[in-house]
Amino acid sequence: MRVLHFTDLHVQRRPRLIDLVTGPKRIIGALNLYLLGRRSHFQRVVQEGLVQAILEQAPDVVVCTGDLTALATDDELEAAHALLRPVYERFPFVVQPGNHDTYVRERRPGDRMRRWFGPWMGPGGPRLVRHGGAAFLTVETCRAHLTSRGQTPPGELAKAAMLLDTLGLRGRDPAEEGLLLFWCQHYPLRDRHGAPYGPAGRCLADAAAVEALLASRSEVGAVLHGHEHHGFRTTVPGLRGPVPVLNPGAGGYAHLPAKRRTAHFSIYDVQDGALVSVERFAWQGERFAPEPGGAYATGG
Ligand SMILES: [Fe+2]
Ligand SMILES: [Fe+2]
């Protein structure tokens with residue numbers, strides 16, 4: 001089966017005044033976007049091209065690891081919901097919030113986004129869903145924070161461990177049951193060189209606790225994430241050996257070849273519980289095409 005992973009779409013709509021007064025994080029975000037030029041980092045034509053490419057690839061499942069929006073305003077969530085309609089209407093879809101989708105304090109991170117994407121997010125807290133030979137454990141790492149420092153909510157990792165227990169595969173390779181389990185979170189654990197992801201103000205504060213859990217379990221076959229807009233892959237230790245950690249890079253990124261910047265998504269071929277191949281697609285100016293030389297051959 002083929003699992004299509006995209007992340008960091010960053011759908012943008014100009015905020016209204018009311019949007020800005022409801023959250024200090026949004027004011028900082030809006031300044032970044034509209035005064036410092038970050039708005040031009042993402043393009044609507046690329047976001048629409050991503051949806052077209054997903055339809056053409058016709059995967060068995062689509063998974064998104066967050067940052068659908070820039071400021072988590074109603075207008076942006078509405079636009080992201082409309083943009084992705086052909087995707088969630090046609091394919092099984094798994095989605096979780098990114099830090100940009102949680103810019104306003106909420107009872108549970110992602111509650112606002114859940115008003116539009118609830119059917120594909122679950123009620124909050126970690127969630128385990130299975131689609132054929134692939135399972136997806138989505139773990140919350142985002143919250144409203146002025147410097148975008150991520151943190152799993154209290155109890156999140158203990159609940160995630162309990163969800164792993166429900167598989168009844170502790171200490172075993174889920175491939176024995178024909179299953180590959182993807183651990184999905186927005187924040188990176190490691191950087192592109194395999195070192196702990198930083199800087200301290202923008203990282204996942206308790207990444208070490210996530211890694212300790214992963215290192216103690218046999219069930220996780222790969223970690224999927226986003227947040228860092230230039231894609232990369234690395235590994236973290238697992239009970240059965242290194243676990244691949246995969247970030248395709250931003251799916252809505254503007255095409256700026258001079259800066260070696262373009263949008264990407266990946267397709268994971270899963271057979272009999274094994275990750276057989278990673279194919280990464282890059283926006284080439286008019287459409288997405290397989291990355292020349294294979295996944296990650298061109299760098300970020
Ligand atoms: Fe992002
Ligand atoms: Fe992010």
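Q: In β9, which residue is the bridge partner of valine 223?
A: This is a predicted model: local features need pLDDT of at least 70, side-chain atom pairs count only at pLDDT 80 or more, and totals for chains, interfaces and linings use all residues. Residues are numbered from 1 along each chain as its sequence is written, with chains lettered from A and ligands numbered from 1 in the order in which they are written. Strands β7 (residues 220-224) and β9 (residues 241-247) run parallel and are joined by two bridges; strands are DSSP runs of E, at least two residues, and helices runs of H or I, at least four, numbered from the N terminus. Within β9, the partner of valine 223 is valine 245.

Q: Which strands stand at the edges of the sheet?
A: The sheet is open, with six strands in the order β4-β5-β6-β7-β9-β8 and mixed pairing; two strands pair if DSSP finds at least two bridges between them. Each edge strand has a single partner, so one side of it lacks a neighbour in the sheet; these strands are β4 (127-131) and β8 (232-238).
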